Amino acid sequence: MAASVKNKKCLVIGGCGFLGRHLCEGLLERGWTVNVFDIRSTFEDSRIKFFIGDLCKKEDLLPALEGVYCVFHCASPAPLSNNKALFYKVNYEGTRNVIEACKEAGVKRMVLTSSASVVYEGKGIRNGREEELPYAAKPLDYYTETKILQERTSLEANSDDFYTVAIRPHGIFGPRDLQLVPITVDMARKGKTKFIIGDGKNVVDFTYVGNVVHGHILAAEHIGPGSPANGKAYHITNDEPIFFWTFMTRLLTGLGYPAPRIHLPYSLLYVVALFLQFVAWIVSPLVIFTPSLSPMKVALAGTDHFYNCENAKRDLGYSPVFTLDQALKLTIESYPEMRNPEEKKGS
């Protein structure tokens, strides 16, 4: 049974980011009182109280936690930044500090934004269930490595008077996205989206940000004394697995760019990505070199990775509120500035 949370105060850590801002809007619509904590403020809203600080400093966090019912912890560096020290500091050390600050402030609930990548090693996952998938023994990047530490730390902190849950979204996209859509469009404008990695038949999950928000709020409403969700992780998806390259084609053509059409061998590209990763490691003492091709990028584009969210349906009452068709339409319409400038010329 969901708790009554109307007028409850929450703190969204990382609330100025892509997911965080959407989460704030969803919480306000559901009647929550919202505080935001972030390293900087990127928008204004008179309904929200903003706190600026470092999540690794307890003295910065404590004022924002006063009177808070639940913390939503969705702060993390961008997955593609490849900064191991920053990932470790924010995802692991920062999360430990958040937990300690919550307990000191008397906050009883924390919902963590984790990632489906914590169980992904580059091998195919089809309809994966949480209880069947161990943490990745050989993570493909620093982001995944530290997200595993973050999730473990958060779930192990669950106790009789501090309730935690981890939400594992996969392939988040939507309006104001700073990763998937802008990066894809930038590659399209450089002529780099004409290629398909592998046979193009790998099936994946892409999840609309509105559904991810819905999953987070349901988690906050359900954890507490006696809840089966306490101390668990849940996959949250659109529940509509799709061929990776079909999704990319719909996104690109929706914005006026050509569809990918040239197939490249998966195994060859993966070996090239491993070599580039090795080169980046060799030169790292002298220069920061971030290859445009990485083992994780190749694996995500060329293997199956979709997940079962039946546990979230059972324990949290989750079901997607936006279909994939609706989500793509809303996303494409939200980026008029990213449409192909050559579109009208070619028509």
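Me: How far apart do the end C-alpha atoms of residues 268-289 lie, and how much of the span is helix or strand?
Reply: The ends of residues 268-289 are 21 Å apart, and the span is 73% helix and 0% strand. Helices (H or I, at least four residues) and strands (E, at least two) are DSSP runs, numbered from the N terminus. The model is predicted, with pLDDT of at least 70 needed for local features and 80 or more for side-chain atom pairs, while totals for chains, interfaces and linings use all residues. Numbering starts from 1 along each chain as its sequence is written, and side-chain values use heavy atoms, leaving out hydrogens and water.

Me: What does UniProt list for residues 268-289?
Reply: An unreviewed UniProt entry lists them as "transmembrane region". Positions are given in the numbering used here, feature names are shortened, and annotations may be inferred rather than shown by experiment.

Me: Which residues does UniProt list for the domain?
Reply: The unreviewed entry gives residues 11-265 as "domain: 3-beta hydroxysteroid dehydrogenase/isomerase".

Me: At what angle do helices α7 and α11 pack?
Reply: An axis is a line fitted to C-alpha atoms, for helices over the stretch in contact, and angles run from 0 to 180 degrees between N-to-C directions. Helix α7 (residues 244-254) packs against helix α11 (residues 324-333) at about 35 degrees, and their axes are 10 Å apart.

Me: Which residues make the contact of α7 with α11?
Reply: Contact means heavy atoms within 4.5 Å. From α7 come F247, R250, L251 and G254, and from α11 come L324, D325, L328 and I332. By class, this contact has five nonpolar, one polar and two charged residues (Ala, Val, Leu, Ile, Met, Phe, Trp, Tyr, Cys and Pro count as nonpolar, Asp, Glu, Lys and Arg as charged, and the others, Gly among them, as polar).
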